[in-house]
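Subject: Structure for your review

Dear colleague,

Please find below the structure that I am handing over to you. My notes on what was found in it follow directly after.

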Amino acid sequence: MIARHALKNAIIPIVTLLGVQLRHLVGGSVLVETVFNIPGMGSFMVRAVFNKDFLIVQGCIIMIGLVISLVNLAVDISYGYFDPRIRYED
């Protein structure tokens, strides 16, 4: 009983922090993949920067920006789902 009522009030900051952490995870993939030599989009983008392939860099930046924007959108929409007092009206 307490968990249900406490969770309703505590879920908004938790969702906010999960959204921020996911953005840091996506942004930090460049560093982690480069340091540990893991093949992925981050190391692909670093190789493109060193080879001066700006179209690939631009595409990766747009993809990262799109993922971050979608995460922000999902966090904002989930606020209304978890807390019915938050309404999105015209």
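This is a predicted model: local features need pLDDT of at least 70, side-chain atom pairs count only at pLDDT 80 or more; totals for chains, interfaces and linings use all residues.

I begin with Lys-52, which lies in the loop between helix 2 and helix 3; helices here are DSSP runs (H or I, at least four residues; strands are E, at least two), numbered from the N terminus. Lys-52 has a relative accessible area of 62% and therefore counts as exposed, where exposed means over 50%, buried under 20% and partly exposed in between, with a 1.4 Å probe and protein chains only. Although Lys-52 is not a glycine, its phi is positive, at about 60°. Most residues other than glycine have a negative phi.

Residues are numbered from 1 along each chain as its sequence is written, and side-chain values use heavy atoms, with hydrogens and water left out.

Confidence

The mean pLDDT of the chain is 87, pLDDT being the predictor's confidence in each residue on a scale from 0 to 100. Of the residues in the chain, 99% reach 70 or more. Among the elements, helix 3 (residues 54-82) has the highest mean pLDDT, at 91, and helix 1 (residues 2-35) the lowest, at 85.

The loop between helix 1 and helix 2

A second residue with a positive phi is Asn-37, at about 55°, and Asn-37 is not a glycine either. Asn-37 is placed in the loop between helix 1 and helix 2. With a relative accessible area of 67%, Asn-37 is exposed.

Nonpolar cores

Which residues make up the largest nonpolar core? There are six: Ile-11, Ile-12, Val-15, Val-71, Val-75 and Tyr-79. A nonpolar core is a set of buried Ala, Val, Leu, Ile, Met, Phe, Trp, Tyr and Cys residues joined through side-chain atoms within 4.5 Å. Helix 1 and helix 3 each supply at least two residues of this core. A second, separate core has five residues, including Val-26, Met-45, Cys-60 and Ile-64. In soluble globular proteins, nonpolar side chains tend to be buried together.

Ile-12, one of the residues of the largest core, touches Tyr-79, Phe-82, Asp-83 and Ile-86, not counting residues up to four places away in sequence; contact means heavy atoms within 4.5 Å.

Helix 2

The buried residues of helix 2 are of interest here: Gly-42, Ser-43, Met-45 and Ala-48 are buried in it. The buried residues of this helix pack against helix 1 and helix 3. Ser-43, placed in helix 2 (residues 41-50), has a relative accessible area of 10% and so is buried. Leaving aside residues up to four places away in sequence, Ser-43 touches Glu-33, Thr-34 and Ile-38.

A nonpolar patch on the surface

Met-41, Met-63, Leu-66, Val-67, Leu-70, Leu-73 and Ile-77 form a nonpolar patch on the surface, with about 620 Å² of accessible area together. Accessible areas come from the Shrake-Rupley method with a 1.4 Å probe, and for residues only the protein chains shown count as cover. Patches are made of residues with over 30% relative accessible area and no salt bridge; like charges are joined within 9 Å, and nonpolar side chains (Val, Leu, Ile, Met, Phe, Trp, Tyr) within 5 Å. A salt bridge is a side-chain nitrogen of Lys or Arg within 4 Å of a carboxyl oxygen of Asp or Glu.

Helix 3 gives the most to the patch, with six residues. Met-63 lies in helix 3 and is partly exposed, with a relative accessible area of 41%.

Lys-8 lies in helix 1 and, at 47% relative accessibility, counts as partly exposed. Lys-8 and Phe-82 are 74 residues apart along the chain, and their C-alpha atoms are separated by 6.9 Å.

Ser-29, also in helix 1, is partly exposed at 22% relative accessibility. Between the C-alpha atoms of Ser-29 and Gly-40, 11 residues apart along the chain, the separation is 8.4 Å.

Gly-65 lies in helix 3 and is partly exposed, with a relative accessible area of 30%. From Gly-65 to Gly-27, 38 residues apart in sequence, the C-alpha to C-alpha distance is 9.4 Å.

With kind regards
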